[in-house]
Amino acid sequence: MDARIRHALFAAAALALVPTVLAAQDVLTGHVTGEGGAPLPNATVYIQNTRLGGIAGSDGAYRIVLPSGEAGQTVTVIARLIGYRERSQIAKLTQGTNTLDFALEVAPVQLQGVITVAEGQQVKKSQLGTSAQAVSNEQLTQSPNNNFVEQLGAKVAGVQVTSPGTQGGSVAIRIRGSASITGNNEPLYVIDGVAIPTRDRGSDANGGWDFGSTISDINADDISSITVLKGPNAAALYGSEAANGAVIITTKHGANTDGKIQTHLNTSYSFDKVGILPDFQNLYGQGAGGQFSYVDGLGDGIQDGNDQSFGPRLDGRPIDQFTGAQQPWIAHPDNVSSFFNTGGTFEANLAVDGGSEKSNARMAVGVQNQSGIVPNNFFHKWTSSLAGNLKIGDKFTTTASLQFLRNNGLNRAGVGYNAGILEGLDVWFGRQVDMNQLRQHYMDYNQFGNRYNWNSNYHSNPFFLQYMNPESDTRNQYIGSVSATYRITDWLSATGRAGGDIFNAQSQQDVASGNVSWAGAGLEDLAYQGAFNFYNESQTDYSTEGLLNATKDLTSRLQLNALAAVGEHQANYHRNQQQTQGISVPNIYNISNAAISPTLTQFDEKDQTNSVFGSASLTWDNWWTIEGTARNDWSSTLPKGKNSYFYPSVNTSMVLTDALPSLKSNVLTFLKLRGSIAKVGNTAPAYSLLTTFDGQSTKFGGQPLYTLDDALANSELKPEITRANEVGFELGLFGDRATVDASYYSRATTNQIINVPVSPTSGFQDKWINAGKITNKGYEASLNVTPVRALGGDFEWNTTFTFNKNNSRVDALTNDVQTIVLGGSWYLTEEARKGQPYGALYGYQFLRDPTTHQLLLHDGLPQLGPQAVLGTVQPDWTGGWNNEFRYKRLTVSGLLDIHEGGSIFSVTNFFGEYTGVLASTIHGRDKDWNDPGLVIKGIDDATGQANTTVVTAEEYFQSLFPIHEPFIYRDSYLKLREVRLSLDVPPNLTSLLHASQVQIALFGRNLWTSTKVPNIDPEFSTQTGNFQGVEFASLANPKSFGIQLQVTP
Amino acid sequence: MQKRIVSAVAGCVVMLAAMACDNSHITALNNNPNNPTDAPAGAVFTFAAQTAAHWVGNGRDLRATEFVAQHVAEVQYPDEDRYSRLQGPSTTSYFDDAYFQELQDLRKVIAKGQSEGNPAIWGPATVLQIWVFENLTDIWGDIPYSQALGGDSTGGTLTPAYDKQQDIYTSFFSRLADAVAAMESTDSAGLGGADPIYSGDLTKWVKFANSLRARLAMRIVNVDPGTASTQLAAALSDPGGVFASNDDDAKMPWPGDGVYDNPWADNFKTRDDHRMSKTLMNEMVPFDDPRVPVYAQPVLDSTFYPNGYGGMPNGLNADTAGTWFNVASRPGVIFYPGATSYGTFGDGSGLHLPTYLMTYGEVMFIKAEAAERSMGGLSPAEAATDYYAGIQASMDRWGVTDAAAIAAFEAKSGVAYTPGIPAGLNEIAIQKYVALFGDGTQAWAEWRRTCQPVTVHAGPNAIVSFVPRRFEYSQTEYSVNAANVATALSQMGGADNFATRMWWDSNPTAAPTHTAACNEPTGP
């Protein structure tokens, strides 16, 4: 096809140029190259507002003969190619030969053009029998954001992304649903051909710090393009870990600039404001039974040990408070919100690149400094990268890239019950508490001689926590790869590649003397003056691969592409932890200062996979392609002699508009059908074959301790198998002004290696077995339309819509097991339950009268009923809608995220009602703490009659514990994720900066959310793992507003 | 030239492939470097013993059965005291953990001892395992026993059946007898320092086994008096004997090093939820019981208790419970870790305070009751001696040395022994209940058997109007062993709730101490 189009276009261009060819001698010439300096044949180069143009040849060279009179003009020259971002340069034409080179960046591929499916393997998208979608650098860096993974959500169909509940936290990503019951459901990440693991450094709703996953550290500015391979069909060659799809990242390696050095700058600053906070009541203060009087915040006053807000009405009456005797009892409606600051994020990315025909390189540094929205919190990120290509002779090409990534945080906001301030603020905080007093006096004592704190029974002053109990963390990551390709003949090449990823992370929690919630650290006169917890982990991953690549035209109409390869992957993991509940000398957080024998833990893990894999594809007449792939893995973690597993795949694609040219019309310009069947195997976790005894570092009166592990190992484990099918079509209408890419897929993972719960009475909590089946079926589509292109191209409206609908079902577990618990919080569990979608929320209902289904009440109060499936975390569907309006150099764009359905359990609401801080708990105490009271609708369990017993709001809301039913919410929301207004600086100013493009933009993120879920941000993620759908005191995504400057040479 | 390169490359690839094919050796990487597949019996026993001792401690006892027994009451967030946080979900881990933690570890020690033919190892492990199983069945009724813990053995099941409590008790008796016989006839070296309870002294393990056998025998007296009498006789007449002094007590001495602390003291480090129960204090304060200042601290606000000591009612709402914060006594300072997050209480010796698994004093009360009932070869004439010996043992245990005060207390009407049934039995039961402070599981079981004190009633805001007769089964079991749970419930003849009575509790009217007050409404 290429050749034919090229010839046709050449002919057209030649015709257009006929008159000028005869008349003039001046020429404009140069090369058009892509990533790494590769020539881009077929690129069109033309001079704006003229009919002058040319097409690049197979070496990327173009030549435009200029008519007389053009010399001396300043013109805009534009280069474009499908699949690449259009590029314009300003040139002052002179007589004779003018040289102007273009280096084009990959742009999102709609239908045609090339797409990277593996390092060095760019295939024509029209020949791809599986579903893959590309995301360009431009799409990733338009709106500065901490995390490129987050950007994939609304931009790639079939990808569901959940943003983190705290700054720098985990982004959970699922491509076509979750297939593994208890294993990894994250996709595989491949950077410049080297697979690197992503590590969940998250927390869960039960408490901890969410450090985010390591993959998120990669700087979006260093990424040239991303290809998302959806599901096992596209990713079979990548092996086991790609059963959940693969994200193929190609980093920038510099371009051929004829030796010139180019400098890129992308910098921004944004203001961050706290997002959604609960809707608090402001009628009642701290206490219980309408009573409160402060003595020491420990219970010695009247209800002053109580940390709930069922106290006296906030009517200004004088009451002893922590701020002094007989203080007016008034609401502080903004007390929680005033805890937060306006945060700021500064980001700067500077890159230099350049090259010649033989070599090119790029070096970049990126800095991100974030001062958080909670006090004494910052987050610092540093990225640096060096990458380049070198051609030695005309047969030997080498490429290398190295990235060093570092980030450190101080006082990340903890999530959940045990790790920080947010649970205290969101659900346990007296409504009368004056936050400013706490802020000013967090190291002081009040006139009663007690710590200046609203409650000393369960809570420390939140400022004390932030300033005296710092959490700090650092992580370093090195990602590098080298590869060399030798072109043996014009159709055969050999490549060797080695790469690795080295990672280490430390985190530390210091606990100062005076913190109420750590043992022995409560008062200053103690033997123990604080506590600490140090955590270190490191991992190295190495991969080596040898590949043979063949591309040959077998006949004039039949083309062969083949690959044969061997590979090896090794991983070494190490973790250690030191913690103590008591130190001797205050403020020295060192293991030698431990007053209580520190608890030490250590864990090491090694595993290795060896592989042989290959693929072959045949293309007939440029329109029909059939490809087969096969891979065999040997894993170190399976039983000896039974550690080998094989998996093949086959796919095909047909471009019907090429096969049957008569189909083509002004309306239908492109139609492709595709289909694929694939199988992927997966191995067992390390050390799951033999049951062991676990030792303890702390001795019992000097005696060593060992206990049998609670997980029963299984020496018979077999690999698990995922089978997947997909069909899809790609459609281009009206000259590709409207394109549709849609797929239907199904995948089922059987023989899963799961740590299935067994009866604890068997002496074990769980056992490793092969069992279970999960099926995911769904549709995904992306639609790109340019509805309006007017005013001679000056005005354009582009709209894109992505849509995912995934139905998951747990088809089978084992004979004995109906459900597997994935995680739990406050007696509610998230489960893989037979017959239900993956991620069923299983919790307690109200007790109901079996005949009328009304609540069965005891003394006027609801009762705990049976457990049931109360919802699923799987959404009905998700989508993204992006609109971009461009008028000349002004562009306005907006991205909406749509999440429809699925359920969440909100612990913030569950406890917020229990404690009476939420506005919803005013109900029943409208006049006074027990007036008018509530008559709950239901049947009295003693009389069998309608209930008439009046209860107080306090009694009612506290009787709901631990009934989950009222706190399960349908998780539908609409979010304005991004808004952006950008202006391209006029060319004459741009050229002063020796730049091709200078853009200034204003942007906003998370500015608006529409949801019916009360009191919380309905989108939260605290880890990348399988325990999702339970929210507690997550810090809502901050609202950001900022300005960005991008300079492109 | 080109062909040679092609073949060289092809050769390399074949070589690499061949290397990749020799892939069995990589499984050697899967040898676990962190944890062994076998461990010394002593290290496993030590771990199991300290885990087991937590029964009488933090979660299962202090925050569960001690409230039910009404030794203590809850002054803040009284969800346990209202029984709402004693429902299935909350107590699941107490049931589950016992099996896969201490019971499984003890099974491993028993297996190791048996394979070495060493009763000095398997004997103590057996006695301790039965002690744990007894706590389990006395809380839940029918439980997995004969098929339990075999998940990793050939032919073992992952879904053990629930044995009838009666069968479990029968097995307890015979296993204890076997362990005693074997321990009495061995010269093998014991566990030594790895045994934190008796430092490997087998004569004391024999006494513990016989004493436990006596406790079990008396527990079933209402439903199987014949077996009770036979087993009592066997236990009391065994040459190894039962506990003969407080030195024989089965107790876990806590290192108190900040890691392994007494579980009550550990709980009290950051939580100030406990106050003495009015029920217990009313059996002590009016009689000038000299243990009062040991068990309890003086009230901070003497509005209700001008004499300085008193308890609060059980089962109140949060708002009413909170009003008792300073007007009811905290537990005694000997139970406290010294410094806590809410103040300093005592000198920190509470961190070392041993946890008692079974005491000489309890054995004396069992003997007194047996004597009064003319069981186990004893006669009523001995009852008073044993009764006073039980009281004295308790006084000694808690460090009460004022002989005059003890004598005055023992002379009080209601304490001074009144021979006969039911008067004597009631007094024995009351004094046993008082002496069992710190062991809520036993106190609750004894209340169900004897209905003493009769003042134990569900609190005004309890979620049921009666004192639970058992706890609800583990939620885990419903998801992974449901058929056997269903069978267990039909075996016990009731629903899985607080009301269903277990075998030894199924004939309350057989108790000579039975009163109508104990025949409370059964069930929601």
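I take the radius of gyration over C-alpha atoms, and my globule rule is 2.2 Å times the number of residues to the power 0.38. The model is predicted, so local features need pLDDT of at least 70, side-chain atom pairs count only at pLDDT 80 or more, and totals for chains, interfaces and linings use all residues. Residues are numbered from 1 along each chain as its sequence is written, and chains are lettered from A in the order in which they are written.

Entry: overall build of chain A.
I applied the rule to the 1049 residues of chain A. A compact globule of that length would have a radius of gyration near 31 Å, and chain A has 32 Å, which agrees. I then boxed the C-alpha atoms along the principal axes and got roughly 100 × 65 × 65 Å.

I looked up the secondary structure next. Chain A has 11 helices and 53 strands. Helices (H or I, at least four residues) and strands (E, at least two) are DSSP runs, numbered from the N terminus.

Entry: burial, contacts and surface.
I count a residue as buried under 20% relative accessible area, exposed over 50% and partly exposed in between, with a 1.4 Å probe and protein chains only. By that cut-off, 61% of the residues of chain A are buried.
For contacts I use heavy atoms within 4.5 Å. Among contacts in chain A between residues at least 6 apart in sequence, 69% join residues at least 24 apart.
The accessible surface of chain A, from the Shrake-Rupley method with a 1.4 Å probe, is about 38000 Å². Carbon and sulfur atoms hold 56% of that surface.

Entry: cis peptide bonds.
Most peptide bonds are trans. I noted the bond from D931(A) to P932(A) as cis, with omega near 5°. P932(A) sits in the loop between α9 (907-914) and β48 (939-940) of chain A.
In chain B, the bond from I421(B) to P422(B) is cis, with omega near 5°. P422(B) belongs to the loop between α15 (403-411) and α16 (423-435).

Most residues other than glycine have a negative phi. Which phi does H853(A) have? I read a positive value, near 60°. H853(A) is in the loop between β42 (840-846) and β43 (856-857) of chain A. Its relative accessibility is 54%, so H853(A) counts as exposed.
N1006(A) also has a positive phi, near 55°. I found N1006(A) in strand β51 (residues 997-1011) of chain A. N1006(A) is buried, because its relative accessible area is 8%.

Methods
Heavy atoms only, no water.
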